[in-house]
Amino acid sequence: MTRAVLDTNVIVSALLQPLGPPAQVFVLATGGSIQMCISGSVYAEYEEVISRPRFRRSEDIIAAALRTIREKSLWVRPTEAIRACSDADDDIFLECAHAAQANYLVTGNIKHFRFPTSWSGTRIVTARRLLSIISGA
C-alpha cells in the first residue's frame, strides 16, 4: 500500500475546503486507499494548528478529525533527527517519512523542503500531484 505523510497545511486545507485536492487526499488517507503515517510530533503539530481560533472550526469537527487521524494512521517512532528543511519546523515530516518508509510527503509548501522532487526515497508532492499520480494521469 502507498504510504504518505501529510504536512499540517494539507490537513488544515482539507478542513477548510472540503472539496479541494487536500481534502480528497485526506479522504483517501483516512479511508484506507493510502496509508497515512504519523509520529507523535506530527500529531502534536496537527492538534495545535487545527485548534487555532483563526481557523474557526468547531470543537466537534476538530475532535472528529483528530480521532480519525489517530485511529486510521500508521504510527511510527522516528529514530534519527533530520535537519534538512529550509523551515526547521518541517523536519518532523521528513523524520516521520523516513521512519515510515513513506512513498510520499504531501505538502502545500514544497519550497520548504529544498529538494528537487524527493528525499531519501520519499517523493515530495502537492496534493494535486499525488491525486494525478494515483489516478494515472
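Reader: Which residues of the largest nonpolar core touch the most other members?
Author: They are L6, I11, M36, Y46 and V106, in a core of 42 residues. This is a predicted model, in which local features need pLDDT of at least 70 and side-chain atom pairs count only at pLDDT 80 or more, while totals for chains, interfaces and linings use all residues. Residues are numbered from 1 along each chain as its sequence is written, and side-chain values use heavy atoms, with hydrogens and water left out.

Reader: What makes a set of residues a nonpolar core?
Author: The members are buried Ala, Val, Leu, Ile, Met, Phe, Trp, Tyr and Cys residues, joined through side-chain atoms within 4.5 Å. In soluble globular proteins, nonpolar side chains tend to be buried together.

Reader: What is M36 in contact with, leaving aside its neighbours within four places in sequence?
Author: M36 is in contact with A4, L6, I11, F26, A29, Y46, I69, S73 and L74. Contact means heavy atoms within 4.5 Å.

Reader: How do you know that C37 is in no disulfide?
Author: A disulfide needs a pair of cysteine sulfur atoms within 2.5 Å. The nearest cysteine sulfur to that of C37 belongs to C96, 6.1 Å away. That is too far for a bond. The structure holds zero disulfides.

Reader: What does R3 count as, and why?
Author: R3 has a relative accessibility of 30%, so R3 counts as partly exposed. R3 lies in strand 1 (residues 3–6). Strands (E, at least two residues) and helices (H or I, at least four) are DSSP runs, numbered from the N terminus.

Reader: How far apart are R3 and C37 in sequence and in space?
Author: They are 34 residues apart in sequence and 6.7 Å apart in space, C-alpha to C-alpha. R3 also touches residues beyond C37, including Q35, L74, A100 and Y104.

Reader: What makes helix 5 mostly covered?
Author: Eight of its ten residues are buried. They are D91, I92, F93, L94, E95, C96, A97 and A100. Helix 5 is followed by Q101, whose phi is positive, near 55°.

Reader: What is the hand of the crossing of helix 1 and helix 3?
Author: The crossing is right-handed. That term applies if the near helix is turned clockwise from the far one by less than a right angle, and left-handed if anticlockwise.

Reader: Which residues of helix 1 meet helix 3?
Author: T8, I11, V12 and L15 do, against E45, Y46, V49 and I50 in helix 3. T8 itself, at 4% relative accessibility, counts as buried. Leaving aside neighbours within four places in sequence, T8 is in contact with E45, Y46, V49 and F93.

Reader: At what angle do helix 1 and helix 2 pack?
Author: Helix 1 and helix 2 (residues 21–31) pack at about 105°, with their axes 7 Å apart. That makes helix 1 roughly perpendicular to helix 2. V10, I11, S13 and A14 of helix 1 make the contact with P22, A23 and F26 of helix 2.

Reader: Which residues of helix 6 are buried?
Author: In helix 6 (residues 127–135), A127, L130, L131 and S132 are buried. Their cover includes helix 2, strand 4 (104–106) and strand 6 (122–125). Just after helix 6, G136 takes a positive phi of about 80°.

Reader: What does the secondary structure of the protein come to?
Author: It comes to six helices and six strands. Along the sequence the pattern is β-α-α-β-α-α-β-α-β-β-β-α. Buried residues make up 47% of the 137 residues.

Terms used:
Buried < 20%, exposed > 50% of the residue type's maximum accessible area, 1.4 Å probe, protein only. Axes fitted to C-alpha atoms, helices over the stretch in contact; angles between N-to-C directions. Parallel < 35°, antiparallel > 145°, perpendicular 65-115°, else oblique.
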